[in-house]
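Here are my notes on the model, point by point. Please read them with the structure open.

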Amino acid sequence: MSLVELLRVTGLSANDISTLKETVAQAAIKCPVVTALQLHQKEGPAELSYGYLSTGCQQLDKFLRGGLLSRGITEIAGESASGKTQLCIQMCLTVQLPHELGGFSAGAVYICTEDVFPNKRLVQMVDLLKKRCHIPSVSDIKFTDNIFIEHAAELDDLSFCINKKLPVLLAKGQVKLIVIDSIAALFRCDFSVHEAAKRAKQLSAFAAQLTKLNCQYNAPVICVNQVSDVIHSTNGATQGSRKVMPSLGICWANLVTCRLMLSRTNETVTVRQRDDAGNVVSCIEANVRNMEVMFAPHLPNTLCRYIIDHDGVKALS
Ligand SMILES: Nc1ncnc2c1ncn2[C@@H]1O[C@H](COP(=O)(O)OP(=O)(O)O)[C@@H](O)[C@H]1O
Ligand SMILES: [Mg+2]
């Protein structure tokens with residue numbers, strides 16, 4: 001209401017109305033004003049603070065300027081076998097590490113929509129991580145007990161999971177990482193080409209809920225995405241001789257905070273595995289892969305080469 005209307009309705013003086021408006025504004029304001037400097041120096045309110053989750057590889061963390069940004073939705077896109085799931089599993093382990101080792105000292109929720117969760121590989125990665133890390137605080141972590149696995153075969157299952165189950169787990173402080181592997185599988189199959197508007201609406205609602213949980217609990221969200229071939233366009237990343245783009249279109253792209261694209265190359269390198277004394281114990285040939293930052297609020301559009309070996313995902317120096 002305007003001042004004139006308020007004067008008429010309430011019968012208060014102009015001064016009183018000004019005081020009333022200020023008092024109501026103070027009480028109703030949800031998000032206090034924070035300056036860019038305060039944000040940078042992490043002096044703002046808790047709900048605006050952010051951190052980085054280690055990827056489990058120091059070089060990769062350096063490339064990502066600290067690791068995975070805890071704020072917003074991070075998309076990991078790439079064609080089949082590019083390493084999306086490997087990277088996600090690796091981060092389900094690093095999130096359980098103490099803060100000084102780049103983790104958040106909490107578990108993870110892993111929502112599978114495509115394949116069954118690769119349990120064997122998880123156990124292998126846990127064993128190797130424990131062997132590499134001789135710190136008691138790491139050896140004592142029961143990594144596999146802190147990963148909550150959900151299988152969502154349909155959109156309704158996914159919706160139930162993120163709206164009902166996730167808030168409970170997050171509220172208990174048991175988890176600090178949400179992985180959806182993959183978002184594309186359900187949203188690509190459940191809608192026909194003529195249902196783009198309906199799909200966009202559902203995607204927005206889905207992203208809004210994830211963003212809400214992300215802000216409330218400062219828990220990073222990773223959405224794995226598939227890729228689509230780009231026909232007659234100069235945009236998109238090159239995978240082999242093909243140009244590809246993350247799927248789900250422009251609506252989804254606008255809901256994502258940070259987009260990373262993984263791809264395989266034909267190049268191979270010899271990786272020497274060493275024991276604690278530095279002696280070479282084995283040599284393996286590994287495929288070189290690329291991680292490209294397609295967009296992110298804090299990163300330039302750059303590329304990092306990496307490999308996957310027994311231990312997991314590692315950047316090449
Ligand atoms: N134990 C392992 N040792 C070396 N490489 C592995 C191992 N497990 C998986 N990989 C590599 O990871 C690739 C699969 O990655 P994945 O993350 O499952 O792909 P996607 O992008 O489809 O999720 C395999 O093609 C293989 O090259
Ligand atoms: Mg996968």
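**Notes on the model**

1. The ligand's polar contacts come first (a polar contact is a pair of N or O atoms within 3.5 Å; within protein, one must be able to donate a hydrogen and the other to accept it, and residues adjacent in sequence count only if both atoms are side-chain atoms). A backbone N or O atom of Gln 86 sits 2.8 Å from an oxygen atom of ligand 1. In the side chain of Thr 85, an N or O atom is 2.7 Å from an oxygen atom of ligand 1. The side chain of Arg 121 has an N or O atom 3.2 Å from a nitrogen atom of ligand 1. On its own, ligand 1 has 580 Å² of accessible area, and the protein covers 67% of that. Accessible areas come from the Shrake-Rupley method with a 1.4 Å probe; for residues, only the protein chains shown count as cover.

2. A word on the basis. This is a predicted model: local features need pLDDT of at least 70, side-chain atom pairs count only at pLDDT 80 or more, and totals for chains, interfaces and linings use all residues. Residues are numbered from 1 along each chain as its sequence is written, chains are lettered from A and ligands numbered from 1 in the order in which they are written, and side-chain values use heavy atoms, with hydrogens and water left out.

3. Helices (H or I, at least four residues) and strands (E, at least two) are DSSP runs, numbered from the N terminus.

4. Arg 121 lies in helix α6. Its relative accessible area is 14%, so Arg 121 is buried. Buried means under 20% relative accessible area, exposed over 50%, partly exposed in between (1.4 Å probe, protein chains only). A polar atom of the Arg 121 side chain lies 2.9 Å from the backbone oxygen of Asp 309. Beyond four places in sequence, Arg 121 is in contact with residues including Gln 86, Ile 89 and Ile 308. Contact means heavy atoms within 4.5 Å.

5. Is α5 mostly covered or mostly open? Mostly covered: 10 of its 11 residues are buried. Among them are Lys 84, Gln 86 and Thr 94. Thr 94 counts as buried because its relative accessibility is 5%. The Thr 94 side chain reaches the backbone oxygen of Met 91 at 3.3 Å. Leaving aside neighbours within four places, Thr 94 is in contact with Leu 53, Ser 54, Thr 55, Gly 56, Gly 103 and Phe 104.

6. The largest nonpolar core has 45 residues, and Leu 177 and Met 291 have the most contacts inside it. Such a core is a set of buried Ala, Val, Leu, Ile, Met, Phe, Trp, Tyr and Cys residues joined through side-chain atoms within 4.5 Å. Helix α5 gives the most to this core, with 6 residues. Another core, of 30 residues, lies apart from it; Cys 161 and Leu 186 are among its members.

7. Most residues other than glycine have a negative phi, and most peptide bonds are trans. Ala 81, not a glycine, has a positive phi of about 65°. Ala 81 lies in the loop between β3 and α5. Leu 248, also not a glycine, has a positive phi of about 85°. Asp 181 and Ser 182 are joined by a cis peptide bond, with omega about 5°.

8. Glu 79 is in the loop between β3 (73-78) and α5. Glu 79 is buried, with a relative accessible area of 13%. Glu 79 and Ser 263 are 184 residues apart in sequence, yet 6.6 Å apart C-alpha to C-alpha.

9. Overall, the protein has 11 helices and 14 strands. Of its 317 residues, 44% count as buried.
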